[in-house]
Amino acid sequence: MMTRPWFLVLLLMAWGCPDSRGTGERLVVTGSSTVAPLMAEIGKRFESERPGVRVDVQTGGSSRGIADVRGGLADVGMASRALKAGEEDLHAFPIARDGICLFVHRDNPVGELTDDQVVAIYTGRARDWSTVGGGTGGAGAAITVVNKAEGRATLEVFLAHFGLASRDVRATVVVGDNEQAVKTVVADPHAIGYVSIGTAEHSASRGVPIRLLPAGGVEASSERLADGSFPIARPLTLVTREEPAGLVRELIDYARSPAVHDLVRELFFVPVR
Amino acid sequence: MSRSAERWTDVLLVRTLRGVAVVAAAVVVAIAFFLARESWPMLAEVGVGRFFTDASWHPTEDEFLLLPMLWGTLWATFGAVLVATPLGLLSAVFCRFYAPLAMARTYRRLIELLAGIPSVVYGFWGLVVLVPWIRRLEPPGPSLLAGVLILAIMVLPTVALTADAAIAAVPRSYLQAAAALGLSRWTVLRGVVLPAARDGILTGVILQTTRALGETMAVLMVCGNLVRTPSSVFDPVRTLTANIALEMGYAVGDHRSALFVSGLTLLALVAALVAAAEWVSRGRVHG
């Protein structure tokens, strides 16, 4: 009698660790929440052209994409950044380019912020919109600094561009994904945040009351990103553990081919050439 | 039905129940085991002390201060329970003793509806309505207070419905006896009904506390998620659950392990709560 519960425990644990490595014609793609919507669309189109193939796209962040590929849980990982030092063992394939832009509520009159002003805001040296020329209430309107949670690729790219370390940031609110950042800024006219240009343009085009701020004198838009003039850019990357072959190779080649450029543009990213 | 057939169904029932009970218990054990296994690297290498003494929570830079989030969880839960318990109790008393029958029935349905609203909806409502309202009182808005209020609304139905059921289960004879003594309605409530229903009410309070401890999505949306021990109710806080939800997808190595320690801490909190409840109810109700 004593052995039975333990047997069940073991059974449950075995059940809890699914073997999601594709059996036959199933590809598992996991990683960045920025890349996932694009990869899901690409996957659908790939499936429709290759009957019998299933592309399973799961989100969870760039780090998860890297970890899953390393651990063999996913066939392809998604990362919204280039590979870092210590990740040279993996193979990376850029499929699109994305930018990160600062954004505020539509009613916030602030114009352009210099890099120094952005650093001042995010390190807590500038606490009031009147010191950087914006805010709806004029003087006395405290800046709500929206930052991303530790480990997010967007945060890493943002910090690297402005030469900040994570511990220097004095945030008011910490958010998770891009969508939550947008919602937080929409709910607070004194807030400033940063998201993927793709997300920001997509939201703004649907009438969400946000305004994208230029960076280094360059307007934040997918056109400026495409001509290479927007300064805060990052590659959206597919990652594999081994040199891809077979179906994985086909999916990666497809994701980089002109056949999906319309999908890339639809999500306000820039296709690779 | 023949005796043997009867016995056969009995045996089947007992076996099924036993199996289900074992599975339910095994799930808890498996989860606890899994949490302990995943957090072990961290606990063994880094030690428990550093979760309380490190300078800050920057897990990618080897700083693992969990303490502010423990406080965040405890304060948010405590505040929510403090707000929701009297409200829930009053709501149950109103429903059973003061409201006309038709109104009581409608009111109960409404409370049940409140219990069924998904937490992300509460969170969104909190972000769009509650947080701007608090910002007008005292910026920045996303705060411990917002978390407390949202949690209080979310757990209110739990305590209201269990208290309602507990009051309904008070034997009629008690009420009749009290009425025969000519006691006023308030005296009956205070002296007879509430003491008799105490066990059920306490269960409701514990249920709502565990629910408040474990709530993630709504809290994540309204609390601001800043890792800092709050010094006032208007300060942003991060709870242990929000910490896991925010960072789990992005965490690798020690960072991931540290998040499992958050989970293990939560489990320990709930276990302590259940144990305390057991102890309290034994001392008071059956003593």
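1. Start with a pairing in chain A. A:G77 has A:V239 in strand 9 of chain A as its bridge partner. Strand 9 (residues 233-240) of chain A and strand 3 of chain A pair in the antiparallel sense, over three bridges. Pairing requires that DSSP finds at least two bridges between two strands. Strands are DSSP runs of E with at least two residues, helices are runs of H or I with at least four, and both are numbered from the N terminus.

2. A note on the basis. This is a predicted model: local features need pLDDT of at least 70, side-chain atom pairs count only at pLDDT 80 or more, and totals for chains, interfaces and linings use all residues. Residues are numbered from 1 along each chain as its sequence is written, while chains are lettered from A and ligands numbered from 1 in the order in which they are written.

3. Strand 3 of chain A has another neighbour. Strand 1 (residues 26-31) of chain A runs parallel to strand 3 of chain A, joined by three bridges. A:M78 in strand 3 of chain A stands opposite A:G31. A:V76 and A:M78 point one way from strand 3 (residues 76-79), A:G77 and A:A79 the other way. All are buried (20 or more other C-beta atoms within 10 Å of the residue's own, with C-beta atoms placed from the backbone).

4. Now the interface. In chain A, 27 residues are in contact with 33 residues of chain B (C-beta atoms, placed from the backbone, within 7 Å). Helix 1 (3-16) of chain A is among the elements that supply at least two residues each, with helix 3 (62-70), strand 6 (173-175) and helix 6 (178-187). Helix 1 of chain A gives the most, six residues. The chain A side has 12 nonpolar, eight polar and seven charged residues. Nonpolar covers Ala, Val, Leu, Ile, Met, Phe, Trp, Tyr, Cys and Pro; charged covers Asp, Glu, Lys and Arg; the others, Gly among them, are polar.

5. Chain B has 12 helices and two strands. Buried residues make up 39% of its 287 residues. The C-alpha trace of chain B spans about 70 × 65 × 35 Å along its principal axes.

6. One helix pair in chain B deserves a look. The axes of helix 7 (residues 172-180) and helix 8 (residues 185-196) of chain B come within 11 Å and cross at roughly 165°. The two helices are therefore roughly antiparallel (angles over 145 degrees). B:Y174, B:L175 and B:A178 in helix 7 meet B:V188, B:V192 and B:A196 in helix 8. That contact has six nonpolar, no polar and no charged residues.

Methods
Axes are lines fitted to C-alpha atoms, for helices over the stretch in contact, and angles run from 0 to 180 degrees between N-to-C directions. Angles under 35 degrees count as roughly parallel, over 145 as roughly antiparallel, 65 to 115 as roughly perpendicular and the rest as oblique. Two residues are in contact if their C-beta atoms, placed from the backbone, lie within 7 Å. A residue is buried if 20 or more other C-beta atoms lie within 10 Å of its own, exposed if 12 or fewer, and partly exposed in between; C-beta atoms are placed from the backbone.
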